[in-house]
Amino acid sequence: MQQGFNLGSIKLSSPVILPDGTRNIELGSGVISELLGRGGMAHVYKIWNAQMEKHRAVKLMLPNLASDAIARFQTEIKITAALSHPNIIEIHSVGEWNGLDFIEMEYIDGLTMADVLLQRGALPLPVVTALGICICRALNYAHSKEYLIYGKKHKGVIHRDLKPSNIMFSADGRVKLMDFGIARPVDDSLMTTDGAIMGTMQYLAPEQLDGKNIAPQSDLYTFGAVLYEAITGQKAFPQTNIAKLMKCKTDNEFMPLDMFVIKIPPRLKRLVHKCMKFEMNKRFADANKMLNELIQIHADLTPDTPEHVTHQFMAMSSENTVFAIHTRSLFYKKKRIIASIVLFVIAVGITVGFLMQPAPKKVQPPAPVIVTQSITAPIASPSVNQKSKKSTESKVNPIHVTRPSVKPTPVQNYLDDLRTRYGLTDEIAILSKEVANNRYQSAIQVYELLSKENAASDQARILYMRSLFALGKNEELSKVLNGTVIDDAEFFLKKAALAYSKNETLSALRMLELSLSASARYLDAESARVEYLYLKALCSSRMFDQNINEESKRKAMDSWYELKSVMRSNTNHSYFKKALTEMQRIGMNNASR
């Protein structure tokens, strides 16, 4: 064993006063510049090493700890020092300060996953899979690492305390697993001497609560709970009452991912649910198998590497990053789907062409092809209808086939006039035209004339909501929004706007977060982004007005500045002007009072 790791337990004759982080006290290889955090077993400081011109972090043990806590700290030193992986916090040295053991490690300039979730809510799915791959790599390494500790050879380390606060995102996008404070070798007893449960209960595997022997699959359960929170922005076990939490944990009762409005790939749902199986043998056999599955899911979401995705996520501002990564993954998925469809159509065309070849001796003319149009058939865009104008002009609209003898009413004449004006027969395409031309009252009238099937389509309902919103018909809009759920970004944006108008700011912010996890199928991406930023800035201003302080001021100013930057090419737009006035108003306000 290295000499530096032979740190015996020290009985202190008098209490040692720990640095508060405000004075330049020597610690480890440098001088304290900041207190980063306080824990039940240690404090963590940021130090400055002048010779290397680098910051590092030092974890300093608290004075007068119980003997088992001291043993755990020393075990952490030995275990962490034995691990060397790009996704695990790096240990530089160990030592002692005034009789207290410390670990000096790399300083990560960034945020914990817990901080990211608190600030930004649910993560974009490509970021979730990128995070999952990085941490799975670390677990796979730790679970299979061979090392020597206390003179005994071991294989594998179980972390036992995986949670968002133990995962770091560096400013440049690196993902690191840290805090092996209660880690144990796979083949050792994994409970403390008094049988106490170790770890954060909301994330622990059922076997950890039951006091049973645990295995690497216990870390996989815990990591499944972490991924669940990354996807939804909510804890799988949010109970704050200890009795209720214990019951839900031991019964393994949590809301399935199918219950969330967020559009989650089925394969990713299955992965998280498999990790969180109650029976250990029904989970992934090891971290490597889980890693391989995550890699495949990630490849379906984005062509970018995990490192590139997390770098993008941390390098840009939170709103820009979420939007850019989400829309890029959607484009990538659509491109793959379109490519598959094209290949399928080509294959079918070749097959049909071969089968339809005329017989060599008897050539017969091909039978005429009769094209009919279903009243429920969706029209992708007005351009498609323009191309099919000639083929549809001679058809009888299926809506009127059952009542050919009924004399057209003025309402029917109105819809017929619109068909003639636009040269379209498809009702939803006509509705789309009216909305595009800002003829919102007419659009509402068209919607009310739609067949039952067409009126129930997502596109028709979205266009109807857009018209109600534009005309300020909030009562009718509220009934529609509360009576249905559409997995579309514009639906959640409208819900956010309505909630804001009712002074329900927190509800508006929740709807804005949901809008980031849904695609905008009937609104161009840039418009969806602008609406999101504008509503978020409005909410930030209101929260500043309700609680004036430096933090709320900074958030409000940042929100309006980002909107102003996006709108800089359109300075006459009301949103740009609103951004200017709000930034001036908030900037002149004394947030320190």
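Is N454 buried or exposed? N454 is buried, at a relative accessible area of 5% (buried is under 20%, exposed over 50%, partly exposed in between, with a 1.4 Å probe and protein chains only). Keep in mind that this is a predicted model: local features need pLDDT of at least 70, side-chain atom pairs count only at pLDDT 80 or more, and totals for chains, interfaces and linings use all residues. Numbering starts from 1 along each chain as its sequence is written, and side-chain values use heavy atoms, with hydrogens and water left out.

**Around N454**
- N454 sits in helix α16, residues 452–455 (helices are DSSP runs of H or I with at least four residues, strands are E runs of at least two, numbered from the N terminus).
- The side chains of N454 and E427 make a polar contact of 2.8 Å (N or O atoms within 3.5 Å, where one must be able to donate a hydrogen and the other to accept it; residues adjacent in sequence count only if both atoms are side-chain atoms).

**A three-stranded sheet**
- This open, antiparallel sheet runs in the order β7-β11-β12 (paired strands share at least two DSSP bridges).
- At its edges are β7 (110–112) and β12 (175–177), each pairing on one side only.
- Strand β11 (residues 167–170) pairs with β12 over three bridges, and M168 stands opposite K176 in β12.

**The whole chain**
- There are 23 helices and 13 strands in the chain.
- Of its 593 residues, 48% count as buried.
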